Amino acid sequence: MGVTWVMHWKNASGPNSLAVLTDKLTDFGSVVSPKESYVLQCKMYRNNRSVTPAQSQQQLRFMYTIGTRHGQQLFYTLVDDVVVESERETELIMAKLRNLWEARQNATIESHIFSVGDFVVRLGNMNVNSLYKGIMIEIEYRPLSHPYTATPILQEFKDMLLPADAQIAQWIPRATSDDDTFAKVGLSEEVYTTSHTMYQYMQLLKIENLM
């Protein structure tokens with residue numbers, strides 16, 4: 001796969017905002033994928049064993065998971081600064097660990113897929129516990145696989161696609177940073193994978209307090 005940026009359009013207005021992006025992609029000459037929808041199921045858990053009267057909110061442990069509902073169905077987990085990819089059976093195991101991990105929030109993102117030359121764009125409304133929370137956007141540049149070399153190209157496409165007044169939240173990895181790197185959670189700094197994309201989603205969920 002290529003390198004992907006994940007963004008949250010915070011002040012989007014549902015169907016109208018999706019139509020704006022769809023029209024822009026049509027002008028770019030996009031082709032809509034006939035495949036099934038691109039669906040992500042996101043959940044946040046809190047570790048019950050961490051909760052004691054003496055502990056502060058900062059000491060609680062949280063886990064973020066994302067399950068895919070398309071193609072090869074996979075399950076991604078972030079806990080204690082480690083990202084793990086596994087088969088969807090892991091989701092069934094999580095359901096049996098309710099005495100250890102309590103599900104706190106649930107979000108669904110169902111996107112449409114557009115192909116524009118060397119780019120793939122995925123657009124979808126995000127609903128958290130059935131409440132609308134804006135639009136999630138993925139922009140993938142297929143020719144490159146290094147996490148950082150595609151940055152100028154992705155930035156240029158992003159600027160062309162999004163309206164000037166769109167309030168966009170994005171976590172961007174920085175090779176020169178100690179904290180904002182993929183390596184911090186055990187991901188490669190040389191070869192981009194789907195796990196890198198899912199980690200961006202998890203970072204946005206945390207940074208934007210969406211879950």
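Trainee: Is threonine 197 buried or exposed?

Mentor: Buried means under 20% relative accessible area, exposed over 50%, and partly exposed in between (1.4 Å probe, protein chains only). Threonine 197 has a relative accessible area of 2%, so it is buried. Keep in mind that this is a predicted model: local features need pLDDT of at least 70, side-chain atom pairs count only at pLDDT 80 or more, and totals for chains, interfaces and linings use all residues. Residues are numbered from 1 along each chain as its sequence is written, and side-chain values use heavy atoms, leaving out hydrogens and water.

Trainee: Which residues is threonine 197 in contact with, leaving aside its neighbours within four places in sequence?

Mentor: Contact means heavy atoms within 4.5 Å. On that basis, threonine 197 touches Met1, Thr4, Val6, Glu138 and Tyr192. With tyrosine 192 there is also a side-chain to side-chain polar contact of 2.8 Å. A polar contact is a pair of N or O atoms within 3.5 Å; within protein, one must be able to donate a hydrogen and the other to accept it, and residues adjacent in sequence count only if both atoms are side-chain atoms.

Trainee: Where is threonine 197 placed?

Mentor: Threonine 197 lies in helix 4 (residues 194-207). Helices (H or I, at least four residues) and strands (E, at least two) are DSSP runs, numbered from the N terminus.

Trainee: Which residues of helix 1 are buried?

Mentor: Ser17, Leu18, Leu21 and Leu25.
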